[in-house]
Amino acid sequence: MTRSGPQRTELQQLRRLVQERTADLQRVKAEYDNYRKRVRRDRLAVREIAAANVLKALLPVLDAVDRACANEPLTPGLKDIAGSLEEQLGSLGVTSFGEVGDPFDPACHDALTHHVCAAADGLVCSAVLRPGYRLGEHLLRPATVEVTGPALPASGAPEPEYGARGSSARADKPRLPVVRS
């Protein structure tokens, strides 16, 4: 009977030790699973960024082919090159955007000119000078457009003239030209 007491405490210690090791193992496994997920996510992000950078570098080639197709007689070779380029970029997920009549969105359009039309309700793309491109949801290049819409509201506060300094201006701050619309 004297042995049952020490055996019981030894058994309890072993059970406690097994529980601690099991908890440690579960923690390490969870950390490893999180690490694997993070590495997989980072690899996908790097792959996506690399593909976007390569495709961005190819956009001038696509522009040159588009200009050639618009301004030159379509030879079978030029037609094949344009078709192949368009098909391959499409298979990679590249889509073009920017159509006449699209509402102007400064997040995906670069406006070069603004034509005032009093009857217009909002800003609309009236001419597409260069199409924009996306890779999935990633913007590769904004569309360059001309915009037609109502006159821009005038600001209420008068702007200082070129070179004018207020009392709070620092003497070492460079002078900037004032652009008025």
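Reader: Which hand does the crossing of α1 and α2 have, left or right?
Author: In this predicted model, the crossing of α1 and α2 is left-handed.

Reader: At what angle do the two helices pack, and how far apart are their axes?
Author: Helix α1, residues 4–71, and helix α2, residues 76–91, pack at an angle of about 145°. Their axes are 10 Å apart.

Reader: Which residues make the contact?
Author: From α1, the contact is made by Leu-55, Leu-62, Val-65, Ala-68 and Cys-69. On the side of α2, Leu-78, Ile-81, Ala-82, Leu-85 and Leu-89 take part.

Reader: Let me step back. How many helices and strands does the protein chain have?
Author: The protein chain has two helices and six strands. Along the sequence, the pattern reads α-α-β-β-β-β-β-β.

Reader: What about a sheet: in which order do its strands lie?
Author: Three strands form an open sheet, and their order is β2-β6-β3. The pairing in this sheet is mixed.

Reader: Which are the edge strands?
Author: They are β2, residues 109–116, and β3, residues 124–130, each of which pairs on one side only. On average, neighbouring strands of the sheet are turned by 25° against each other, with direction ignored.

Reader: How do β2 and β6 run, parallel or antiparallel?
Author: Strands β2 and β6 run parallel, and seven bridges join them. Strand β6 covers residues 143–149. As one example of a bridge, Asp-110 has Thr-144 in β6 as its partner.

Reader: A new topic, then. Where is Arg-141 placed?
Author: Arg-141 lies in strand β5, which spans residues 138–141.

Reader: Is Arg-141 buried or exposed?
Author: Arg-141 is buried, because its relative accessible area is 8% and buried means under 20%.

Reader: What does its side chain reach?
Author: The side chain of Arg-141 reaches the backbone oxygen of Pro-131, at 2.8 Å.

Reader: And which residues does Arg-141 touch?
Author: Leaving aside residues up to four places away in sequence, Arg-141 touches Leu-59, Asp-63, Phe-97, Arg-130, Pro-131, Gly-132 and Tyr-133. Among these, Leu-59 and Asp-63 belong to the range of helix α1, residues 4–71.

Reader: Back to the whole chain: how many of its residues count as buried?
Author: Of the 181 residues in the protein chain, 14% count as buried. The protein chain exposes about 14,200 Å², of which carbon and sulfur atoms supply 57%.

Reader: Finally, what share of the contacts comes from residues 24 or more positions apart?
Author: Such residues account for 59% of the contacts in the protein chain with a separation of 6 or more.

Notes:
Residues are numbered from 1 along each chain as its sequence is written. This is a predicted model: local features need pLDDT of at least 70, side-chain atom pairs count only at pLDDT 80 or more; totals for chains, interfaces and linings use all residues. Side-chain values use heavy atoms; hydrogens and water are left out. Two strands pair if DSSP finds at least two bridges between them. Helices (H or I, at least four residues) and strands (E, at least two) are DSSP runs, numbered from the N terminus. Axes are lines fitted to C-alpha atoms, for helices over the stretch in contact, and angles run from 0 to 180 degrees between N-to-C directions. Buried means under 20% relative accessible area, exposed over 50%, partly exposed in between (1.4 Å probe, protein chains only). A polar contact is a pair of N or O atoms within 3.5 Å; within protein, one must be able to donate a hydrogen and the other to accept it, and residues adjacent in sequence count only if both atoms are side-chain atoms. Contact means heavy atoms within 4.5 Å. Accessible areas come from the Shrake-Rupley method with a 1.4 Å probe; for residues, only the protein chains shown count as cover. A crossing is left-handed if the near helix is turned anticlockwise from the far one by less than a right angle, and right-handed if clockwise.
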